[in-house]
Amino acid sequence: MAKIIRAQRAKKTQVRSLPKKAAKAKAKLKPKLKAKLKAKPQAKSARPARKSRAPQPKPWTPEEVREVFERFRKANPEPRGELEHLNPFTLLVAVVLSAQATDAGVNRATRELFKVADTPQKMLELGEEKLRDYIKTIGLYRNKARNVIALSQKLIADFGGEVPRTRAEIESLPGAGRKTANVVLNMAYGEHTMAVDTHVFRVGNRTGLAPGKTPLEVELGLEKIIPSEFMLHAHHWLILHGRYTCLARKPRCEVCLINDLCRWPEKTV
Ligand code: SF4
């Protein structure tokens with residue numbers, strides 16, 4: 001009997017102790033499992049990303065790029081910028097005033113202004129208050145008037161009253177950024193620069209000529225593919241194309257000179 005009782009006790013202890021062992025084993029396993037679970041997403045992300053199935057536009061060949069600019073040149077051999085100016089200084093001032101404003105609006109104001117102030121010295125003599133009166137129809141005119149006076153002072157103090165000829169020097173002037181420098185270098189000094197405004201940015205991206213998320217990317221992309229012989233006027237051809245044909249909301253693809261070459265999937269021809 002005693003034997004039977006001992007055997008039963010032993011069995012009970014075994015039964016009771018099993019969960020403890022199991023718990024221990026589980027505890028031992030847990031960190032391993034945790035590690036496995038942690039490792040899982042890493043393994044997933046380590047897989048190579050699937051390629052987008054959207055068809056990628058065919059890259060432009062050098063012959064096609066040349067063809068585009070030959071067509072632009074044939075249609076408009078001497079394209080002109082639309083900002084009115086009399087010399088490099090008035091061009092610089094007009095470009096500074098044109099930020100977030102239309103060329104036509106700037107021209108209306110500067111026609112009278114440049115009659116009295118077409119040099120840095122005359123601009124300083126006019127003074128900020130009177131300058132504001134001339135340009136008050138242009139957006140952000142207070143800030144722009146302050147910049148024009150400050151840049152006139154700097155031109156006299158640091159550059160002998162002349163508009164400098166390097167990008168870095170122009171960019172050092174109050175109110176002048178990379179686009180301003182590119183316009184001035186191109187239009188006043190004939191440099192092969194590419195100023196990217198909203199129109200050039202749109203055309204570069206839509207056509208696929210120079211896709212880019214920033215104006216600088218588009219600028220460098222265009223500079224890379226446009227043959228040198230077209231670079232003097234390329235900026236104006238692209239601006240005019242964006243302003244009058246490849247319009248932001250309703251591009252006029254049916255009359256577009258390059259509609260057969262354009263890579264935009266949404267073109268309407
Ligand atoms: S085809 Fe249309 S989208 Fe392409 S460049 Fe011409 S106007 Fe712009």
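User: What makes a space in this predicted model a pocket and not a cavity?

Analyst: A cavity is a set of points where a 1.4 Å probe fits but cannot get out, whereas a pocket is an open set with protein on both sides within 12 Å along at least five of seven lines. In this predicted model, the largest pocket holds about 460 Å³ of space. Of the 23 residues lining the largest pocket, Ser98, Asp103, Asp197, Ile239 and Arg243 are the closest to its centre.

User: Which helices give two or more residues to the lining of the largest pocket, and which gives the largest share?

Analyst: Two or more lining residues come from each of helix H4 (103-116), helix H9 (178-189), helix H10 (198-207) and helix H12 (228-244), and the largest share, five residues, belongs to H12. By class, the lining of the largest pocket divides into nine nonpolar, eight polar and six charged residues.

User: Why is the other space called a cavity, and how many of 30 Å³ or more are there?

Analyst: The name cavity applies because a 1.4 Å probe fits there but cannot get out, and a search of the whole structure finds one of 30 Å³ or more. The largest cavity has a volume of about 110 Å³, and among its 14 lining residues the closest to its centre are His241, Cys246, Cys253, Cys256 and Cys262. Its lining comprises seven nonpolar, four polar and three charged residues.

User: What takes up the space of the largest cavity, and which residues are around it?

Analyst: The largest cavity is the space taken by the ligand, and the residues around the ligand are Thr207, His241, Cys246, Pro251, Cys253, Cys256, Asn259, Cys262 and Trp264. This shell has six nonpolar, three polar and no charged residues, where Cys, Pro and Trp count as nonpolar.

How values were computed:
Residues are numbered from 1 along each chain as its sequence is written. This is a predicted model: local features need pLDDT of at least 70, side-chain atom pairs count only at pLDDT 80 or more; totals for chains, interfaces and linings use all residues. Side-chain values use heavy atoms; hydrogens and water are left out. A residue is near a molecule or strand if one of its heavy atoms lies within 4 Å of it. On a 1 Å grid over the protein atoms alone, a cavity is a set of points where a 1.4 Å probe fits but cannot get out, and a pocket is an open set with protein on both sides within 12 Å along at least five of seven lines; lining residues have an atom within 4 Å of a point. A molecule sits in a cavity or pocket if more than half of its atoms lie within 2 Å of its grid points. Grid points are joined across faces, edges and corners, and a volume is the space filled by probe spheres set on the points. Helices (H or I, at least four residues) and strands (E, at least two) are DSSP runs, numbered from the N terminus.
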